[in-house]
Amino acid sequence: MTSPKWNINPHSCALLVIDMQNDFVLEGAIMEIPHARTQIPAIKTLIDCCRDLSIPIIYTLHQTDPSYNPLEIATFPHLKDAGMRAGTDGIRVVDALAPRPEDVVLHKRRYSAFYQTDLDLLLRNIKGGEADHRVDTLIICGTVTNICCESTARDACFRDYKVVFGSDVCSAINKQQHEAALVNMEIFGRVMTGAEIIQNLKDAS
């Protein structure tokens, strides 16, 4: 068994819950990812663990609009007239994973949570901004594995964040796309199950 690339330090982690919003998760939703619903309990367990360890929790919500997302809508033309619109119920985090007041909710218009958002600035200051308290490790869960989760993970790596990618707390439209993304993520971070992430966090706390 090989040693990990690096160890997880819960004191320098943040949890990103990617796009677990109604328009992706609910049955019959416009961008439904059915497997996302089955992962809600495991994601909630991971969130609860992070809360217990005072790990910051950041939810991302994906927005679309023809004025801002023309290429995305060209790929998914059924989004031209509706879906993931600001101010609608579809953009809200599913009730089972609802953010608490102390959590951060970040809106984005591209697949990566870093692109033209304040995420990087937020991560550098969310624990007070002092060098020895900054977040340097991101735990990623949510949907869609090979689109927004993978895009965010790659951008995190490019910004020198350590990436922990949850293999069974991320979901895609099918098994093939999910597993292909996990192979890619072995290059950009550590791929671990939700239970492994929790155990590592508890062992190191």
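Predicted model: local features only at pLDDT ≥ 70, side-chain atom pairs only at ≥ 80, totals over all residues.
## Strand β1, inside and out

Cys13, Leu15 and Val17 point to one side of β1, while Ala14, Leu16 and Ile18 point to the other, and all of them are buried.

Which strands sit beside β1? Parallel to β1 runs β4 (residues 137–143), joined to β1 by 6 bridges. Val17 has Cys141 as its bridge partner in β4. Parallel to β1 there is also β2 (residues 57–62), with 4 bridges between the two strands. Within that pairing, Leu15 stands opposite Ile57, and Leu16 stands opposite Ile58.

## The sheet as a whole

Strands of a sheet pair through backbone hydrogen bonds, either parallel or antiparallel. In this model, 6 strands form an open sheet with parallel pairing, in the order β3-β2-β1-β4-β5-β6. The edges are β3 and β6 (190–192), each of which pairs on one side only. From one strand to the next, the twist averages 25°.

Helix α6 lies across β1, β2, β3, β4 and β5, and runs at about 170° to β5. Helix α8 lies across β1, β4, β5 and β6, and runs at about 110° to β6.

In soluble globular proteins, nonpolar side chains tend to be buried together. The largest nonpolar core in this model has 38 residues, and the members that touch the most others are Leu15, Val17, Leu46 and Leu201. At least two residues of this core come from each of β1, α1 (22–25), α3 (40–52), β2, β4, β5 (162–171) and α8 (194–204). The largest share, 6 residues, is supplied by α3. There is also a second, separate core of 23 residues, with Leu123, Leu138, Ile140 and Cys170 among its members.

Leaving aside residues up to four places away in sequence, Val17 touches Ile43, Ile47, Ile57, Ile58, Tyr59, Thr60 and Cys141.

## Helices α3 and α8

Two packed helices are described by the angle between their axes and the distance between the axes. For α3 and α8, the packing angle is about 10° and the axes are 10 Å apart. The two helices are therefore roughly parallel to each other. On the α3 side the meeting residues are Thr45, Leu46, Cys49 and Cys50, and on the α8 side they are Ile197, Ile198, Leu201 and Lys202.

How far apart are the ends of α6 (residues 145–158)? With 14 residues at 1.5 Å a residue, this helix should span 20 Å, and its end C-alpha atoms are 18 Å apart, which agrees. Just after α6, Asp160 takes a positive phi of about 70°.

Which residues of α6 are buried? They are Thr145, Cys148, Cys149, Glu150, Thr152, Ala153, Asp155 and Ala156. The elements that cover these buried residues include β1, β2, β3 (104–108), β4, β5 and α7 (175–188).

## Where α6 meets α7

Helices α6 and α7 pack at an angle of about 5°, and their axes are 10 Å apart. They are therefore roughly parallel to each other. From α6, the contact uses Thr145, Asn146, Glu150, Ala153, Arg154, Cys157 and Phe158, and from α7 it uses Gln177, His178, Ala181, Leu182, Asn184, Met185 and Phe188.

Let us end with one residue from this contact. Ala181 is found in helix α7. Is Ala181 buried or exposed? Its relative accessibility is 2%, so Ala181 counts as buried. Not counting residues up to four places away in sequence, Ala181 touches Thr145, Asn146 and Glu150. Ala181 and Tyr68 are 113 residues apart along the chain, and their C-alpha atoms are separated by 26 Å.

Conventions
Residues numbered from 1 in each chain as written. Heavy atoms only, no water. Buried < 20%, exposed > 50% of the residue type's maximum accessible area, 1.4 Å probe, protein only. Pairing = 2+ DSSP bridges. Core = buried A, V, L, I, M, F, W, Y, C linked by side-chain atoms within 4.5 Å. Contact = heavy atoms within 4.5 Å. Expected span 1.5 Å × (residues − 1). Axes fitted to C-alpha atoms, helices over the stretch in contact; angles between N-to-C directions. Parallel < 35°, antiparallel > 145°, perpendicular 65-115°, else oblique.
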